Structure formats: C-alpha cells, structure tokens
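You asked for comments on this model.

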Amino acid sequence: MRCANCGRSDVPAGVFCTNCGARQGFTGSGVSKNRKSHYAPHPGEHVFQPAVFTTLFPHLGIRKVHEFRWVFLGGVIGVFALFFAGLITAALCVSVLLLPILYLLYLYEAQVYREEPVPVLAALVFASIGIGVGVTIGTNDLISNTTKLSFAVTGGSLVVIGVVIPLVQEAAKPLVALALRSRPVFRLETMDGLVFGVAAGLGFGVGESFVRFSKILIDLPVRTTPGNWIYPLLTTAVLLPLLQGTATGLVCAAIWRFARGSIDPLAIAAIAAALGGHIAFSLVGQLLINHGWSQVVVLGWQLGVDVAMLLVLRALLHWALLEEARDLAPDARYCAHCHALVAAEGFCPSCGGALSAVPFHTRPAT
Amino acid sequence: MTPGRRLSTPVFVIGTAVLVVLVGLIAVLVTWVFHPHAKPPCTIDCPPPQAAAASRVSSGEMAEQQTFQSKDFGFHVDYPDDWKLQSSNGAGAIFDTRYGQLEVVGTRTAPSPAQLIEQRIAQLQSPQLPDVALVGPIHGAHIGSAEGEGQLYSATFTPSSGAGRGLVVRIGVIVARKGNATVIATAFVPYDTSAGRVLGDDIDYAMAEFRWT
C-alpha cells in the first residue's frame with residue numbers, strides 16, 4: 001500500500017501508515033500527519049484530551065491504564081477515609097506517596113529501566129527524593145522568618161515564593177534524569193526523557209512534601225479534628241505531584257528533543273510551559289490566597305495550570321513519537337492496544353498505536 | 001497473561017493496597033512514637049518553673065521600638081524593631097512578629113466580646129488553618145490597661161506550595177473595650193509541643209504596653 005502522507009509505497013495495508021502514523025482513507029488535505037484525534041500512544045484519545053494516565057504513563061496498554069486509574073481512585077478514596085477518621089498524619093503520608101508508588105510500579109511494569117533496574121530506580125527514587133529534601137531545606141532559608149507564619153505573602157517574599165523557588169526547583173529536578181542520560185541506551189527516545197523526568201519530579205515532590213510536613217507529622221496527635229484538611233490533602237495527593245511530575249517531564253522531554261539536534265518549537269514551548277506553569281501555579285495561587293479567594297478557586301486555578309501543562313506534554317510526546325517512528329526498521333512488534341503482533345515500523349496498521357509506546361520487554365530484540 | 005503485562009491485575013491491585021496500608025500504618029506509628037505525650041501535672045515536690053521564668057527574662061529584651069497609631073481609634077501599639085508592619089489602615093494593623101503574626105483591629109460594633117471572638121475565628125477557617133479548635137479561655141486577658149475576654153485555639157498552619165514548613169500553632173483572640181472603642185487582638189504563634197508552651201513572649205509584651213489613647 002502507498003501512504004498518501006509520507007509517500008512510502010511498501011507499507012502494510014491498514015487504517016494507519018506504519019511508517020508515519022498518518023490515518024489513511026481520506027483525500028486531499030483530509031490526510032493529516034498530525035492525526036490530532038488519534039493520540040500516538042493511545043489512538044482512541046484526542047491529542048488534547050486531558051488524560052493524566054495516558055500522558056504520564058505512556059507505555060501502558062489501555063487495559064493496564066484502566067487498572068492504574070482505578071487503583072489511584074481507590075487510593076484517593078483511602079485518603080478520604082483516613083481524613084474522615086481523623087487520621088490526618090496517615091492521610092498526609094498516603095497523599096504524598098500515592099502517585100509516586102504507582103509510578104514506581106509503572107516503571108517496573110513497562111521496564112523503562114531496560115536491563116539496569118538497580119542504578120535507574122536508585123537514582124529515580126533515592127537521588128530525586130534527596131534533591132527534593134536538600135532543595136526544600138535550602139530554599140526555606142530564602143524565606144524570611146516573618147513570612148514563615150504569614151497568611152498574606154507580599155513584596156520580596158512573594159517574588160521568592162512565586163518565582164525564585166519554582167525556578168530553582170525546575171533547575172534541580174532534571175539533574176537525576178540528565179545523569180541517566182549519560183547511558184547511551186537512554187538517549188534515543190524522547191519518551192525515556194519524559195518518563196525519567198516525571199519520575200524525578202515525583203521523587204522531588206516526595207522529598208519536598210516530607211520537609212514541608214515534617215513538623216506536622218511529629219507534632220500532630222495520631223487522631224485529630226479533620227476540619228478542612230481535605231484541601232491540603234487533595235493538593236498533596238493530586239495537584240502538587242502533577243505539577244512537579246509534569247513540569248520535569250516537559251523539561252526532560254524537551255532536552256531529549258534538543259539533543260536530537262533540531263531546534264524544535266514544541267520543545268521550546270515545553271520549556272516555557274514548565275517554567276511558566278510552575279510560576280503561575282505558585283505565584284497566582286499565593287496571590288489568590290492573599291486576596292482572600294476561597295480554596296475552591298485556588299484549587300481550580302492550580303488544577304487548570306496542571307491540565308494546561310499536561311496538554312503541552314501530550315502534544316510534545318505525540319509529535320516526538322510521530323517523528324521518531326521514521327527511524328525504526330520494520331520488525332515483528334507487539335501492539336499494546338490491540339494485543340496483536342504486527343510486522344511494522346512505528347505504528348500498528350490496525351489501531352494506529354505507537355509501537356515504541358509499549359513495555360520494553362515486548363519489543364523486538366535489538 | 002498478555003505479552004505486555006508483568007503485573008497481573010490481582011497482584012497489582014492487592015500489592016498497591018498493601019503498600020498504601022503499610023504507608024498509613026507507618027505514619028500512625030511514627031506520629032505515635034514521636035508525638036510528645038502530655039505529662040501529668042506535678043502535685044508533690046515540684047521543681048521551680050524554670051522554663052517559664054527563663055521565658056519571662058527573654059521577653060524583657062525590647063531595646064528599639066517603633067509605634068503604630070490607629071487614626072480611627074487613636075490607640076498605639078509599640079512594637080520592636082525585629083517586627084515588620086505587614087499592612088495597616090485607619091482601624092488597625094497586621095504585624096509579622098518574631099515567630100508569628102499579630103493583628104490588632106479597632107471596631108465600634110455592638111456585639112459582645114464572645115460574639116466578636118466567634119466571628120473572628122469563623123473568618124480564620126481556611127485551608128491554611130484546616131483544624132482550628134478551642135483550647136480554653138485566656139485567664140487574665142487584657143489589652144493595655146483594659147481587661148478583656150480571650151480564648152485560645154489550636155490549629156495547624158499549612159503553608160502554600162514552596163512557602164516554608166507547616167507548624168502546629170496557637171491562636172489567641174482577645175477582645176477588650178474602653179469607652180466606645182473595642183479592640184480585637186489576634187495572635188498566631190508557633191506551639192512548642194515538646195515544651196508545651198507558645199513562642200509569643202514578644203506579643204505578650206506588646207499587649208501589655210498597648211496604649212488606648
């Protein structure tokens with residue numbers, strides 16, 4: 001079959017071109033290389049669908065993604081149960097660790113670490129948590145004592161909290177992922193950069209949260225009044241890990257793209273989205289608190305920032321998979337979505353799923 | 001198992017649930033071990049209250065002072081140099097103190113002191129203070145030369161992202177009247193759970209030195 005988009009004449013017959021991923025069967029401008037309604041790792045979704053798990057866990061097949069969603073939902077319900085029982089310190093710890101634990105299981109499930117589980121997991125878990133602890137303690141000294149128990153943060157302290165600390169964090173978080181990049185096996189795929197970045201960001205968030213809540217974890221009694229704790233708990237369980245993971249995923253995926261030797265506008269936009277999003281999350285969030293807006297508004301704003309960053313990350317990954325698939329040679333590959341073995345280069349001819357977005361152990365031996 | 005799966009569904013779900021329960025149990029255990037347990041009050045052969053005496057000595061170190069004057073109510077608040085006037089208007093001011101925060105506001109409204117304290121605490125209910133709870137009355141509460149009514153509350157201060165570390169705090173609200181002016185003083189101070197005392201000697205001093213006109 002000849003692809004109407006890339007012109008290859010020897011691609012297997014199917015709905016999607018196995019070389020460039022374009023959907024076939026349309027005429028003229030109807031053939032879209034972008035295939036915006038078929039997100040490369042999960043062709044059943046639109047590229048700009050705000051789906052957390054198919055963005056941050058791109059190697060998983062659709063059924064496994066559902067399992068991760070349900071388990072995460074169960075964890076959030078567990079946080080609610082601990083909250084209603086007044087076990088706030090337990091709820092805080094579960095909130096801090098819920099998404100990072102799931103990501104660790106994802107790294108195992110997808111075998112992102114290839115044949116080197118010990119150095120990769122040790123770096124992503126211990127080093128990123130250590131960096132989170134160190135940077136949080138260090139930047140805590142940038143905040144004046146008078147600001148530390150202040151409800152309205154203004155002036156220089158607002159600049160430190162809203163701009164300086166986010167920039168310092170975004171500079172520190174990718175270090176672990178960049179260290180892993182020194183190994184040649186991890187240099188080729190943007191998806192590796194994305195996954196290592198998200199993992200490093202989540203690990204950093206664990207360290208940051210434990211420093212922020214360390215005194216509370218020790219000073220609060222085991223059981224206390226639930227009050228309005230649900231807001232900080234939801235922020236800790238969902239919004240902060242999403243911010244830290246997505247921002248570092250964006251930065252690392254962009255670095256991986258730059259390292260391929262091209263000035264990629266989407267990668268530049270990804271860096272801008274990571275830095276701007278983190279600043280918008282912290283600075284505008286603090287301004288809303290300063291002006292007495294309700295926590296629902298603050299949470300809504302922070303959720304909006306997280307979603308916007310997530311969409312940029314999806315777009316970057318989608319484009320990267322479309323482009324990088326052209327470097328692949330035809331081989332017998334496993335499709336994580338339709339569970340079929342197909343003879344193809346980059347995309348499943350039936351469902352259009354990116355064949356590099358599959359668990360590593362199912363890939364053809366190289 | 002399909003070729004793309006390493007964790008079967010039961011192993012994944014049960015394993016994650018066990019991990020989450022373990023995290024919760026460890027958190028409860030750590031909190032239980034490290035949380036300072038209340039000591040029974042001493043009734044026989046008690047030592048002198050050295051800690052309290054030491055804190056009173058340190059409160060005397062108020063060398064340099066500045067003054068805030070309320071234009072609407074005329075009262076004066078003398079505060080030390082290491083405090084920062086965070087914001088002010090004709091009715092009152094908010095100070096960042098050595099360890100916490102003090103808000104002093106005048107009003108001419110009619111409600112009783114108890115109602116004003118309740119209203120003030122209702123305003124404080126926020127995610128940054130998610131668990132405000134009454135501890136008890138402040139005996140001998142006063143603002144300057146005027147005797148007042150006060151209540152002490154416990155709470156946990158949870159800072160916004162990147163803005164420092166969470167703390168267990170005490171919130172003292174005192175309302176006092178002189179003439180037709182009522183002053184509401186709200187103090188936020190860290191609570192030292194191991195020593196069982198609040199770190200607010202400088203605020204006590206400022207309230208004692210408060211001048212009504």
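1. Basis. This is a predicted model, in which local features need pLDDT of at least 70 and side-chain atom pairs count only at pLDDT 80 or more, while totals for chains, interfaces and linings use all residues. Residues are numbered from 1 along each chain as its sequence is written, and chains are lettered from A and ligands numbered from 1 in the order in which they are written.

2. Contact between the chains. On chain A, 64 residues are in contact with 52 residues of chain B (contact: C-beta atoms, placed from the backbone, within 7 Å). The elements giving two or more residues to this side of chain A are α2 (62-84), α3 (88-110), α5 (155-172), α7 (190-219), α8 (230-259) and α9 (265-290). Helices here are DSSP runs of H or I of at least four residues, strands are runs of E of at least two, and both are numbered from the N terminus. α3(A) supplies the largest share, 11 residues.

3. Make-up of that side. The side of chain A that touches chain B has 38 nonpolar, 19 polar and 7 charged residues. Ala, Val, Leu, Ile, Met, Phe, Trp, Tyr, Cys and Pro count as nonpolar, Asp, Glu, Lys and Arg as charged, and the others, Gly among them, as polar.

4. α2(A) and α8(A). The axes of these helices come within 11 Å and cross at roughly 155° (axes are lines fitted to C-alpha atoms over the stretch in contact, and angles run from 0 to 180 degrees between N-to-C directions). α2(A) is therefore roughly antiparallel to α8(A) (under 35 degrees is roughly parallel, over 145 roughly antiparallel, 65 to 115 roughly perpendicular and the rest oblique). V76(A), V79(A) and F83(A) of α2(A) meet I230(A), L233(A) and A237(A) of α8(A). By class, this contact has 6 nonpolar, no polar and no charged residues.

5. α7(A) and α10(A). Helix α10 (residues 295-324) of chain A packs with α7(A) at an angle of about 150°, the axes being 9 Å apart. This pair, too, is roughly antiparallel. T190(A), M191(A) and L194(A) come from α7(A), and L317(A), A320(A) and E324(A) from α10(A). The contact has 4 nonpolar, 1 polar and 1 charged residues.

6. Chain B overall. Chain B has 4 helices and 11 strands. Of its 213 residues, 37% count as buried (buried: 20 or more other C-beta atoms within 10 Å of the residue's own; exposed: 12 or fewer; partly exposed: in between; C-beta atoms placed from the backbone). Chain B is divided into domain 1 (1-35) and domain 2 (63-208), with bounds from an automatic or database domain assignment. The C-alpha centres of the two domains lie 44 Å apart.

7. T16(B). This residue lies in helix α1 (residues 9-34) of chain B. T16(B) counts as buried because 21 other C-beta atoms lie within 10 Å. Leaving aside neighbours within four places in sequence, T16(B) is in contact with V71(A), I101(A), L102(A) and L105(A).

8. Backbone points to check. Most residues other than glycine have a negative phi. Q111(A) has a positive phi, near 50°, and R114(A) has a positive phi, near 55°. Q111(A) lies in the loop between α3 and α4 (117-140) of chain A, and R114(A) is found in the loop between α3 and α4 of chain A. Q111(A) is partly exposed, with 16 other C-beta atoms within 10 Å; R114(A) is partly exposed, with 14.

Key
Contact = placed C-beta atoms within 7 Å.
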